[in-house]
Amino acid sequence: MRRNRRVKKNSRFTSGATGIASLIVSSFIMLMIYWSLDARCTSIMREIGKAENTMKVLDAEHGREMARWNGMKTPERLDEKILRFGLAMGVPRADQVVRMMSNGRPAPGQIAVARAQAKKPMENMALAIPSKPRRSSRR
């Protein structure tokens with residue numbers, strides 16, 4: 001048989017008060033976590049804004065530099081610089097241009113290559129040799 005236990009009628013801290021206190025403490029902890037995460041998100045947003053502004057500035061600078069470079073490459077500017085430095089240069093003729101392939105050999109069927117081979121067949125043997133794919137040694 002069980003003994004009768006005494007019930008404390010005058011206790012100060014009952015189960016209802018414990019629940020309310022735990023609710024207040026947990027809500028305070030959640031509020032502090034929310035504030036810290038909000039501050040973190042705000043600082044990240046500021047960093048992103050600064051990075052976007054820097055990107056806009058760099059993009060505008062890139063556009064200005066590209067326009068400047070394209071202006072320097074015009075034939076008039078090139079002729080002006082050639083005359084300024086006293087160089088005797090001109091635009092190459094079509095039969096002087098040799099287009100190369102990615103493997104370092106001249107592309108087949110070009111006028112410049114055919115003329116070079118006709119002028120000096122022995123010295124330009126490298127031009128006549130068909131290209132072979134290079135093999136890389138893997139170890």
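Accessible areas come from the Shrake-Rupley method with a 1.4 Å probe; for residues, only the protein chains shown count as cover.

This is a predicted model, where local features need pLDDT of at least 70, side-chain atom pairs count only at pLDDT 80 or more, and totals for chains, interfaces and linings use all residues. Residues are numbered from 1 along each chain as its sequence is written, and side-chain values use heavy atoms, without hydrogens or water.

**Whole chain.** Colour by pLDDT, the predictor's confidence in each residue, from 0 to 100. The mean is 82, and 78% of residues reach 70 or more. Now show the secondary structure: 4 helices and 0 strands. Helices (H or I, at least four residues) and strands (E, at least two) are DSSP runs, numbered from the N terminus. Of the 139 residues, 4% count as buried. Buried means under 20% relative accessible area, exposed over 50%, partly exposed in between (1.4 Å probe, protein chains only).

**Helix H1, residues 15-72.** Among the elements, H1 has the highest mean pLDDT, 94. Select Val25, Phe28, Ile29, Leu31, Met32, Ile33, Tyr34, Trp35 and Leu37: together they form a nonpolar surface patch with about 910 Å² of accessible area. Such a patch joins nonpolar side chains (Val, Leu, Ile, Met, Phe, Trp, Tyr) within 5 Å, from residues with over 30% relative accessible area and no salt bridge. Pick out Tyr34, which lies in H1. Its relative accessibility is 53%, so Tyr34 counts as exposed.

**Glu65 and Arg68.** Their side chains meet in a salt bridge at 3.4 Å, N to O. The cut-off: a side-chain nitrogen of Lys or Arg within 4 Å of a carboxyl oxygen of Asp or Glu. The two sit 3 residues apart in helix H1, so about one helical turn separates them. Glu65 is partly exposed at 42%; Arg68 is exposed at 52%.

**Gln110.** Go to the loop between helix H2 (75-84) and helix H3 (111-119). Is Gln110 buried or exposed? Gln110 is buried, because its relative accessible area is 13%. Its side chain reaches the backbone oxygen of Arg99 at 2.7 Å. Beyond neighbours within four places in sequence, Gln110 is in contact (heavy atoms within 4.5 Å) with Val97, Val98 and Arg99.

**Last stop: helix H4, residues 125-128.** H4 has the lowest mean pLDDT among the elements, 54. Where pLDDT is low, the predicted coordinates should not be read in detail.

Notes. Patch = residues over 30% accessible without salt bridge, like charges linked within 9 Å, V, L, I, M, F, W, Y side chains within 5 Å. Polar contact = N/O pair within 3.5 Å; in protein donor to acceptor, adjacent residues only side chain to side chain.
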